[in-house]
Amino acid sequence: MILNAGFMQTLWWFPVLIFCSVTESFTQTRSSHSSSTTAQVSLKILGNSQKTSVFITKSNLLNYFRDTLAGSKTDASGHSALLFPLLEPTFAEIRIGNRKSNLYLTPGDDLVIHVDLANSNFLFTGKGSEPNKYLSQSEAIRQKNIIYKGQYINELKTALFINHLDTLAKAFGLFHSQYIKAHPLPKHVSNLLKANNALFIHSFAQNYADVYFGTFEQRDKMPKRLKELTNHIYFDTTFL
């Protein structure tokens with residue numbers, strides 16, 4: 001089976017096509033806002049990090065670009081502090097040089113990110129750290145499970161792909177229950193983080209289906225489980 005070269009590149013755009021179902025979570029999120037209208041993210045970087053560029057961006061799925069929330073450069077000590085307007089909770093991304101990590105930011109956050117350039121770990125402390133630890137650990141689970149014997153699982157034959165995607169979904173589910181038990185979060189935040197992982201599973205499945213079962217004739221041959229994985233539509237404006 002040959003992988004479509006654009007498959008992995010286009011995967012992260014797919015959520016614009018599959019909005020769905022957690023409008024209750026979004027309503028709870030909006031109604032529970034802090035009175036603050038800003039958030040702060042501070043960086044402490046180990047290694048040769050002087051004048052490293054730092055940007056925090058947010059996906060704008062209406063025009064396929066990323067909106068910059070804040071940008072800066074680290075000082076001689078590898079430190080930087082970014083204070084920026086934030087009116088509502090949002091998923092975002094921070095780029096530190098050529099490194100990046102997903103974020104979940106809320107008005108009033110005072111998040112501190114510790115980065116060791118010698119390894120790939122981000123350590124989160126401060127106000128707003130718990131959701132970001134969740135995202136970081138979710139990413140580690142994702143990276144561990146999307147490669148099998150040196151291949152991305154979306155390069156595998158369909159039965160193997162489905163098996164490995166279901167394994168990833170179970171790993172996400174187990175992680176979620178254990179994390180929330182150890183680190184209680186507000187219900188609407190817990191729901192959004194769980195939905196964020198579910199969105200990855202369904203978008204990954206949908207992209208696989210589009211590549212390998214893209215015609216009407218091929219759709220008829222799509223396995224039942226793959227159909228189940230692609231018959232979900234997510235809508236939550238927090239993802240925008």
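## Ground rules

A contact here means heavy atoms within 4.5 Å, and by that rule Leu226 touches Thr158, Phe161, Ile162, Ala205, Tyr208, Ala209 and Phe213, leaving aside residues up to four places away in sequence. We're looking at a predicted model, where local features need pLDDT of at least 70 and side-chain atom pairs count only at pLDDT 80 or more, while totals for chains, interfaces and linings use all residues. Residues are numbered from 1 along each chain as its sequence is written, and side-chain values use heavy atoms, with hydrogens and water left out.

## The overall picture

The protein has 7 helices and 10 strands; these are DSSP runs numbered from the N terminus, with helices being H or I of at least four residues and strands E of at least two. Of its 240 residues, 45% count as buried, where buried means under 20% relative accessible area, exposed over 50%, and partly exposed in between (1.4 Å probe, protein chains only).

Take the contacts between residues at least 6 apart in sequence: 65% of them join residues at least 24 apart.

## Two cores

A nonpolar core is a set of buried Ala, Val, Leu, Ile, Met, Phe, Trp, Tyr and Cys residues joined through side-chain atoms within 4.5 Å. The largest one has 31 residues, and Leu226 is one of those with the most contacts inside it, along with Phe161, Leu165, Leu168, Leu193, Phe200 and Ile201. Elements giving two or more residues to this core are α3 (129-145), α4 (158-182), α5 (187-212) and α7 (224-230), and α5 gives the most, with 10 residues. Apart from this core lies another, of 20 residues, including Leu86, Ile94, Leu111 and Phe124.

Helix α5 is mostly covered, with 20 of its 26 residues buried. From first C-alpha to last, α5 reaches 37 Å, close to the 38 Å expected at 1.5 Å a residue (the expected span is 1.5 Å times one less than the number of residues).

## Strands

Strand β7 (residues 110-116) pairs with β8 (residues 122-127) in the antiparallel sense over 6 bridges; pairing takes at least two DSSP bridges between the strands. The two form a hairpin with 5 residues between them, and His114 stands opposite Leu123 in β8.

Over in strand β4 (residues 79-85) you'll find Ala81, which is exposed, with a relative accessible area of 53%. Ala81 still touches Gln40, Val41 and Ser42, not counting residues up to four places away in sequence. Ala81 and Gln40 sit 41 residues apart in sequence and 6.9 Å apart in space, C-alpha to C-alpha.
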